[in-house]
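Trainee: I am new to this structure. Please take a close look at one part of it, and show me how that part sits among its surroundings.

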Amino acid sequence: MLKSETKLILEVCDLHANVEDQPILNGVNLQVYAGEIHAIMGRNGSGKSTLSKVIAGHPAYKITGGTIKFEDNNLLDLDPEERARLGVFLGFQYPIEIPGVSNLEFLRVSTNARREYEKKEELDTFEFEDFVQEKLKIVKMDPAFLNRSVNEGFSGGEKKRNEILQMALLEPKLAILDETDSGLDIDALRVVAAGVNKLATPNTATILITHYQRLLNEITPNYVHVMANGKILKTAGKELALQLEKSGYDWIEQISSNKEENQ
Amino acid sequence: MKTECLEWLEQLPSPDGVLASEQLIGRESLRNLGLPKKYSEAWRLTNLKRIEKILKLPLAQSNQYENSIDKNQWPEIPKDGVRIILNNETNYKTNLPNGIRFLSNDDIKETINLSHQSIDETNDWGVSVNKACNNKLLALKVDGLEEQSLEILIPSQKETLNPSRILLVLGKKAKLKLLQVIIGEGKSSNNNLIQIHLDEGSELNHGLICFGKNDSSLFTQACIKQNIDSKYELNAIQHGWSISRFEPRVFQQNGKAKTKLNGLQISSEKQQLATHSLVNFNGPEGELEQLQKSIAADQSHCIFNGAVKVPKEAQKTNASQLSRNLLISKAARIDTKPELEIVADDVKCAHGATISQLQEEELFYLRSRGIDSNQAATLLLKGYCQEIINNLPVAAERWQILNQIIENLNK
Amino acid sequence: MTGQNTVDKLVSKPYKYGFVTDIETEKIDKGINEDVIKLISRKKDEPEFLLEFRLRAYKQWLKMKEPNWADLKYPKINYQDIIYYAAPKKSEKKASLDDVDPKLLETFDKLGIPLSEQKRLSNVAVDAVFDSVSIATTYKEKLAEHGVVFCSISEAVVDYPELIKRYLGSVVPISDNYFAALNSAVFSDGSFVYIPKGINCPMELSSYFRINSGDTGQFERTLIIAEERSSVSYLEGCTAPMFDTNTLHAAVVELIALDDASIKYSTVQNWYAGNEEGVGGIYNFVTKRGHCRGKRSKISWSQVETGSAITWKYPSCILQGEKSVGEFYSVALTNNLQKADTGTKMIHIGAQTRSTIVSKGISAGKSSNSYRGLVQIGPQATGARNYSQCDSMLIGDQASANTYPYIRSQQPQSNVEHEASTCRISEDQLFYLQSRGINFEEAISMMVSGFCQDVFNQLPMEFAAEADKLLALKLEGSVG
């Protein structure tokens, strides 16, 4: 591996986090380089989603140890909006419905916030409409959704498309997609996956959090990590996902608990 | 307390005009009622000191109207729109669109008497004050199948008490979009009574914008009688009054009508805004959908009391009521009380109430897209208001109320 | 077999506990005045401080007005026509149950509360109160081994005067309301529970209140103190004979929970409700309040209210300690001309306090059933949360169900959520069950019990089944 030549985008070191005094992350280590796609798998409650929220800066989680570096920035010092402007994007597992707030306005305000940071010019209402029309094609989304309230009354698939649309508009350096495949039928999954593939570049990185192999059939990861009890237990290539699909998580947890006993 | 009321009644001009008999009724009931009392359930949360001030104001004079009203802030009337300005003598004779006409004095007498059944002024302070001192009435009838629209503007003169009254009758299958705008001025009080009769199959979209400022107060009562198959939709917004009390009362005479009540009150500084609604189903198969929202900022106080009565006659009623409240300051306060009284067994009735601040998850979602927390909060507040404002008749857009609200909240 | 008539027929069942025990009773003269209060106090050999407490309350009561705000109409009560003290003759509490009048034991046997050593429930300690006095408390010795005090309040006044002085009236002050003041002046007996630090009370505690005399008011007083890290589950049951006059029951219950303590208080109330025409029955005007004084303390009220002509009670929690928890689970069933106005008050004072309200009202006949509740979040209660759910079920088109939730918040960092719904037993549901071979009455009772399940789940095991049976009895009618 020629990692020294590519740029380190994300570096998570010995990360510990609590929610309501309950430890959820117990020492996560992860390095993500430009151009890479990582998949994080694991059972429910293993800490995958927490990891993604902690990277994005969700206020409900308390960091009790470790660091997260994003390029040259210490992410833990930054507010969620500052992280987003730097280019960290979290695709939500359950995108939030916000009645009354126009989707179009929301997209425009957030796009401009990111553009301002990138020193790109601000888009006015008309320019933005053109810009968004372009991006809509990537996710094959009906423009009618722009005029509705943010995610309100969207079906599961529409919500996920709206997430990928945001990703397309914000052009992040690191996209973390938290169970973007859950609740999607096969056609919607393909559209979403095609969008993700299209947006991946040699200068950006993607982390996919998922339960299932089927997303990884559409988006090929460079690395697959398995999480349990708030830690990454095993890291390997894409073949690990196939193995998990076949044999479940038990054997990995077995191996790792044996390891701990031997130590 | 009673004497203050009596003194006020003493100095009123003697009854005259088309409302002379109404004035007698109003004065008689005020004599018995006196000022509202703390220990009565309907007034226990009200800042009564501010109510007392109202009767100390002189009555507005219509000949003073031109000099004392600030028209600069009124948006222009749209090209084919009609605006009637109340308390301005000349405007009672505006050209009305085809399909809307002024009611004759005989019609007025008949209709006003009919509506006595739905207003119980003996128990009703706001209505009684209006009746006691008001001698002007705007009485309109809408007929035909074409949808009409109308704007009624009710300004206040500074440092006076401004009573006004509207009687609106929609004939069979008539349709109207009504925008009613009440504006408060410094140290003024506005008291508006609107009575609405909806005949079979008629539809009314009623927008009510009540914007006060600088120590102004408001009493506004809407009494709506609905016949079967009629539809009534109300979107009411209250903002900026030192004290205000809005009392919509819907009476579904024979059931089988649709009622939609949306309310939004946004209080800041030391304001106290209240909505006391009552929906009475008097026949089967009536429908109600009610959403009341409040935002309380600074040291303000928002009150909602929503009564729904479903008597035995009202089988197969379907009523839902939701009170959603945002408390955005530590010194603000919110009181909400849904009130459901049911004596029919085959009905669907649900109500709900929530009080919270802005949702953390919503804020985080916006922030995770690069929007800073102030801007995110503003977006959410706007969205919260927009759910109601969006339903106002189109004519309301020109009033740009959302911007004013947000500006005041960000002060 | 559908239609309203059948349902109507099913909703009433003769009152099973309406018998009168024929026993020699010592009663004082009707009426209330200072002498009567002194007499009650003397009869109970009370220390001076308690007499003073009573007299203070009496003076307060004279100044107060009988409330009329709850929309409950009833004939004016003549307070001079009530007997304020009645006790079975030779009623001094006996050292052994063998000395208790067999008629009394028999009465409680008949009520399903056997007291004698052979028959008594193995895991429930019972304090049996007959008219104005406690006649027996079971398992006292066993409880004493754990330091738990469970006795009548009259005994506690003599044996634990310091605790009484400190806590009596500390949660419900004598001037709290008209009926609380009256109770404080004339209370006769009731239960006292004290759980020392760190003790989980080893068995269920239970008081059983029986009104026997028709013209006697029942004014019991209950005080439960749970010290730090202790816990207790307490249950009260009540019945009364059928009289065609109305009897006043004005009890006061005070609960105090200190740091990490937990009190669970369950009530199965089945006072005589009057006949189909609304003649007779108990006026049940009760003040129940718990004070979560300590951090992380918890008070949970569960009630099944089926009796009384008029019920008027709002078991409440004052959530003062940080992270303290209040709960209220209620089933209220009204039939014929019964009126129930019940609910709770959750007063959030401390930070991160939580409360849950689940109320199920079932109205049948021409009865009226109201939920009235207050949720108040004070300015200091950061992070407070409340969830309330109030459901009503109407049986027949003569009954009424009302909901009056008062909600007030003065703290933005808090969350209040209230939901309410009304439903009836639908013909479709009935038909579905009947088509599976379940008979009509059983189907109704299944659905009512399903409707109440959230509340029954909160009752102590032994009583959940009983409560279910009680509702079924009230509703089923033609069976048995």
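Mentor: A residue counts as buried at under 20% relative accessible area, exposed at over 50%, and partly exposed in between (1.4 Å probe, protein chains only). This is a predicted model, in which local features need pLDDT of at least 70 and side-chain atom pairs count only at pLDDT 80 or more, while totals for chains, interfaces and linings use all residues. Residues are numbered from 1 along each chain as its sequence is written, chains are lettered from A and ligands numbered from 1 in the order in which they are written, and side-chain values use heavy atoms, with hydrogens and water left out.

Start with chain C. It has 480 residues, and 63% of them are buried. Its fold holds eleven helices and 24 strands (DSSP runs numbered from the N terminus: helices are H or I with at least four residues, strands E with at least two). Take its contacts (heavy atoms within 4.5 Å) between residues at least 6 apart in sequence: 84% of them join residues at least 24 apart.

Helix 8 of chain C spans residues 178-186, and nine of its nine residues are buried. Among them are C:Tyr178, C:Phe179, C:Leu182 and C:Val186. C:Asn177 caps the N-terminal end of this helix. One of its side-chain oxygens lies 2.9 Å from the backbone nitrogen of C:Phe179.

How do the chains meet? Two pairs of chains are in contact, and chains B and C share the most contacts. Chain A and chain C do not touch; their nearest C-alpha atoms are 12 Å apart.

Now the part for the close look: the contact between chain A and chain B. Chain A gives 33 residues to it, and chain B gives 21. Together the two chains bury about 2200 Å² (the accessible area, with a 1.4 Å probe, that two parts lose on being put together, summed over both). Carbon and sulfur atoms account for 63% of that area.

Four salt bridges link chain A and chain B (a side-chain nitrogen of Lys or Arg within 4 Å of a carboxyl oxygen of Asp or Glu). B:Arg369 forms a salt bridge with A:Glu163, with the closest N and O atoms 2.8 Å apart. Ten residue pairs, both at pLDDT 80 or more, are in polar contact between chain A and chain B (N or O atoms within 3.5 Å; within protein, one must be able to donate a hydrogen and the other to accept it, and residues adjacent in sequence count only if both atoms are side-chain atoms).

On the chain A side, the elements that give two or more residues include helix 1 (48-56), helix 2 (80-86), strand 6 (88-91) and helix 5 (156-170) of chain A. Helix 3 of chain A supplies the largest share, five residues. The chain A side divides into 18 nonpolar, seven polar and eight charged residues.

Look next at B:Ser368. It sits in the loop between helix 7 (360-367) and helix 8 (373-389) of chain B. B:Ser368 is buried, with a relative accessible area of 3%. A polar atom of its side chain lies 2.8 Å from the backbone oxygen of B:Tyr365. The side chain of B:Ser368 also makes a polar contact, at 3.1 Å, with the side chain of B:Arg369. Leaving aside neighbours within four places in sequence, B:Ser368 is in contact with A:Pro80, A:Ala84, A:Val88 and A:Phe92.

Definitions and conventions
Nonpolar A, V, L, I, M, F, W, Y, C, P; charged D, E, K, R; others polar.
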